[in-house]
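Colleague: I'd like to learn how to read this model. Where do we begin?
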Amino acid sequence: MRRNGKGASFLSTKESKKSKSKPSASNGKPTRKELEQLVEDLRWMYRIREFEDQSMRAFRNGLAGGYLHVYTGMEAVAIGWIGEKREDDPVIAAYRDHAYPMLMGVSPYEVMCEIMGRRDGTSKGKGGSMHLYSAEKHFFGGWGIVGGHTAMGAGLAFAIKYRGEDRVALCFYGDGAANAGIVYEAMNMASLWDLPVVFLIENNQVAMGTRLEYHAADPELHKRAVGFGIEHERVDGMDVIQVRKDAARILDYVRKNQRPYVVEVMTYRFAGHGAADHDQSLYRSKEEVEQAKKRDPILLLSQYLLKHGAIEESDLEQMQKEAEKEMAEVYEKASAAPKPDPHEVYEDVYTDMQPEEGH
Ligand SMILES: Cc1ncc(C[n+]2csc(CCOP(=O)(O)OP(=O)(O)O)c2C)c(N)n1
Ligand SMILES: [Mg+2]
């Protein structure tokens with residue numbers, strides 16, 4: 001099989017132009033307010049990671065129907081971008097979707113209920129892990145068809161423009177999805193109609209078990225924007241401080257200029273593709289994973305906060321313990337929650353079909 005010599009090296013942004021943001025806060029003295037926010041970011045990293053461990057437990061114990069994909073290792077991307085967007089900027093994403101709604105204000109309990117098919121879930125327990133949804137919190141899913149939702153991302157931006165609102169749509173998708181034809185239809189219309197949308201490629205360098213250099217003719221995916229006259233760049237997705245800076249700058253650009261943007265955020269998933277990915281050695285070595293873990297977003301951020309005296313070693317342990325306890329309780333509560341009644345299967349769908357009554 002052909003391998004492109006320019007295969008992405010891990011998490012590196014050096015193959016493309018350097019991030020256009022000012023150097024990360026690590027270079028200057030952070031303010032107290034910045035440090036407080038970063039401590040909260042770290043707390044979120046622990047919470048999301050623990051939540052994902054519990055969601056895997058639910059799958060293993062047969063409590064999660066359908067399939068399930070965890071966000072472990074990629075936390076800094078959602079934390080940084082959702083942290084910088086405005087509350088009512090809408091978000092749409094693929095199926096690795098547990099973290100986004102929680103960061104947007106949906107409770108971990110509601111997300112776990114959806115995963116476990118309980119009535120208190122975000123889609124009343126009828127969607128599952130890949131179909132989280134909260135219009136109230138501006139989260140528009142949770143989609144399983146690879147690449148398909150990018151057209152809806154452009155649609156969310158179209159709605160914003162049509163109504164004359166001051167909002168930016170955020171559309172997260174993977175490196176594998178970046179090869180889908182629909183993405184280019186969406187980019188074309190977004191550029192033609194000047195839609196305020198960020199196409200955000202979460203490049204974790206693998207699509208199921210196919211490595212980036214085997215699935216992408218040019219692994220610098222942000223360049224795909226060139227043909228549509230859209231601004232684009234590749235940035236780091238492991239150092240949340242840098243992620244926040246890039247996110248703030250790009251969101252500001254899109255809001256001010258009413259133009260789309262393609263940003264390729266380099267990240268890495270520490271877990272398998274989905275809950276039943278049992279043999280990762282088919283597509284990556286243990287050494288590669290170990291190497292990537294040297295830039296674990298939790299590690300990078302805790303080192304920074306320790307260096308600046310914002311936390312002590314004992315705080316790390318405390319945060320981890322709190323997250324463990326919280327998410328174990330979420331698991332217990334959700335697993336005891338009621339399931340929807342069978343007749344509810346015909347509710348909240350696009351049709352009034354009632355097969356049991358003959359129509
Ligand atoms: C249209 C379509 N084709 C194939 C699949 C099967 N499939 C599920 S996930 C996936 C890989 C997507 O990888 P990527 O976009 O990089 O996202 P990641 O899992 O890395 O977050 C594929 C091919 C699908 N769900 N939809
Ligand atoms: Mg991927």
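Modeller: Begin with burial. A residue counts as buried if 20 or more other C-beta atoms lie within 10 Å of its own. Keep in mind that this is a predicted model.

Colleague: Is Glu264 buried or exposed?
Modeller: Buried, because Glu264 has 27 C-beta neighbours inside 10 Å. Glu264 sits in strand S8, residues 261-266. Beyond four places in sequence, the contacts of Glu264 are Ile201, Asn203, Leu221, His222 and Arg234.

Colleague: How do I read the sheet?
Modeller: Strands of a sheet pair through backbone hydrogen bonds, either parallel or antiparallel. Here 6 strands form an open sheet in the order S2-S1-S3-S4-S8-S7, and the pairing is parallel.

Colleague: Which strands stand at the edges?
Modeller: S2 (139-142) and S7 (231-236). Each has a single partner strand, so one side of each lacks a neighbour in the sheet. On average, neighbouring strands are turned by 15° against each other, direction ignored.

Colleague: How many bridges join S7 and S8?
Modeller: They pair over 6 bridges, in the parallel sense. One example is Glu231, whose bridge partner in S8 is Tyr261. Helix H8 (residues 240-257) packs on the sheet and touches S4, S7 and S8. The direction of H8 makes about 170° with that of S8.

Colleague: What about the nonpolar core?
Modeller: The largest one has 96 residues. Cys171 and Leu200 are among those that touch the most other members. Helix H1 (residues 32-60) gives the most to this core, 9 residues.

Methods: Residues are numbered from 1 along each chain as its sequence is written. Chains are lettered from A and ligands numbered from 1 in the order in which they are written. This is a predicted model: local features need pLDDT of at least 70, side-chain atom pairs count only at pLDDT 80 or more; totals for chains, interfaces and linings use all residues. Helices (H or I, at least four residues) and strands (E, at least two) are DSSP runs, numbered from the N terminus. A residue is buried if 20 or more other C-beta atoms lie within 10 Å of its own, exposed if 12 or fewer, and partly exposed in between; C-beta atoms are placed from the backbone. Two residues are in contact if their C-beta atoms, placed from the backbone, lie within 7 Å. A nonpolar core is a set of buried Ala, Val, Leu, Ile, Met, Phe, Trp, Tyr and Cys residues joined through C-beta atoms within 7 Å. Two strands pair if DSSP finds at least two bridges between them. Axes are lines fitted to C-alpha atoms, for helices over the stretch in contact, and angles run from 0 to 180 degrees between N-to-C directions.
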